[in-house]
Amino acid sequence: QVQLVESGGGLVQPGGSLRLACAASGSILSFKAMGWYREAPGKERELFAVIENHGGTVYADSVAGRFTISRDIAKNTMYLQMNSLKPEDTAVYYCNATEVVGGVEYDRVGQGTQVTVSS
């Protein structure tokens, strides 16, 4: 089973930037897709950025134009560049990968990293 490990969270002021990383224990090209979702107290879980196996990307309206999802295939790592951060971006951020094994899809999830946007 593939393991995912996030890093890069922390405290940042409104308007600031952070870059998150998600390192996979295996080849990220084996995944159908990878993405980022976040959970904040009192809010629904939000899947807000996805990068598909062929490299296509999809963003939720809440982050479009501010966040960029990317990957480094050689490093088996996915990234999330977050700019113009707002207090409402405060959440625990998780990376997710859809792994297909024997024709069955499995969701793999990292341990999460806290992002806090506050002055």
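This is a predicted model: local features need pLDDT of at least 70, side-chain atom pairs count only at pLDDT 80 or more; totals for chains, interfaces and linings use all residues.
User: Why is Val104 called partly exposed?

Analyst: Val104, which is found in strand β10 (residues 104-109), has a relative accessible area of 41%. Buried would require under 20% and exposed would require over 50%, so Val104, lying in between, is partly exposed.

User: What makes Val101, Val104 and Tyr106 a nonpolar patch on the surface?

Analyst: Patch members need over 30% relative accessible area and no salt bridge, and nonpolar side chains are joined within 5 Å. Val104, at 41%, passes the accessibility cut-off, and together Val101, Val104 and Tyr106 have about 230 Å² of accessible area.

User: Why does Thr98 count as buried?

Analyst: The relative accessibility of Thr98 is 12%, and buried means under 20%, so Thr98 counts as buried. Thr98 has its place in strand β9 (residues 91-101) and, leaving aside residues up to four places away in sequence, touches Phe31, Lys32, Ala33, Glu105, Tyr106 and Asp107.

User: How do you know that Val2 is buried, and where does Val2 lie?

Analyst: Val2 lies in the segment before β1 (4-7), and its relative accessibility is 11%. Because that value falls under the 20% cut-off, Val2 counts as buried. Among the residues that Val2 touches beyond four places in sequence are Phe31, Glu99 and Arg108; Val2 and Glu99 are 97 residues apart in sequence, yet their C-alpha atoms are 8.3 Å apart in space.

User: How do you know that Cys22 and Cys95 form a disulfide, and what makes the disulfide right-handed?

Analyst: The sulfur atoms of Cys22 and Cys95 are 2.1 Å apart, and a disulfide needs a pair of cysteine sulfur atoms within 2.5 Å, so the pair meets the criterion. The torsion about the S-S bond is about 55 degrees, and the disulfide is therefore right-handed. The pair links distant parts of the chain, with Cys22 in strand β3 and Cys95 in strand β9, 73 residues apart. Both cysteines are buried, and the structure holds one disulfide.

User: Which residues touch the most other members of the largest nonpolar core?

Analyst: Of the 29 residues in that core, Leu4, Met34, Trp36, Phe48, Leu80, Met82 and Tyr93 touch the most other members. The elements that give two or more residues to this core include β3 (18-24), β4 (31-39) and β9. Tyr93, for its part, touches residues including Leu20, Phe48, Leu80, Met82 and Val115, with residues up to four places away in sequence not counted.

Note on methods: Residues are numbered from 1 along each chain as its sequence is written. Side-chain values use heavy atoms; hydrogens and water are left out. Patches are made of residues with over 30% relative accessible area and no salt bridge: like charges are joined within 9 Å, nonpolar side chains (Val, Leu, Ile, Met, Phe, Trp, Tyr) within 5 Å. Accessible areas come from the Shrake-Rupley method with a 1.4 Å probe; for residues, only the protein chains shown count as cover. A salt bridge is a side-chain nitrogen of Lys or Arg within 4 Å of a carboxyl oxygen of Asp or Glu. Helices (H or I, at least four residues) and strands (E, at least two) are DSSP runs, numbered from the N terminus. Buried means under 20% relative accessible area, exposed over 50%, partly exposed in between (1.4 Å probe, protein chains only). Contact means heavy atoms within 4.5 Å. A nonpolar core is a set of buried Ala, Val, Leu, Ile, Met, Phe, Trp, Tyr and Cys residues joined through side-chain atoms within 4.5 Å.
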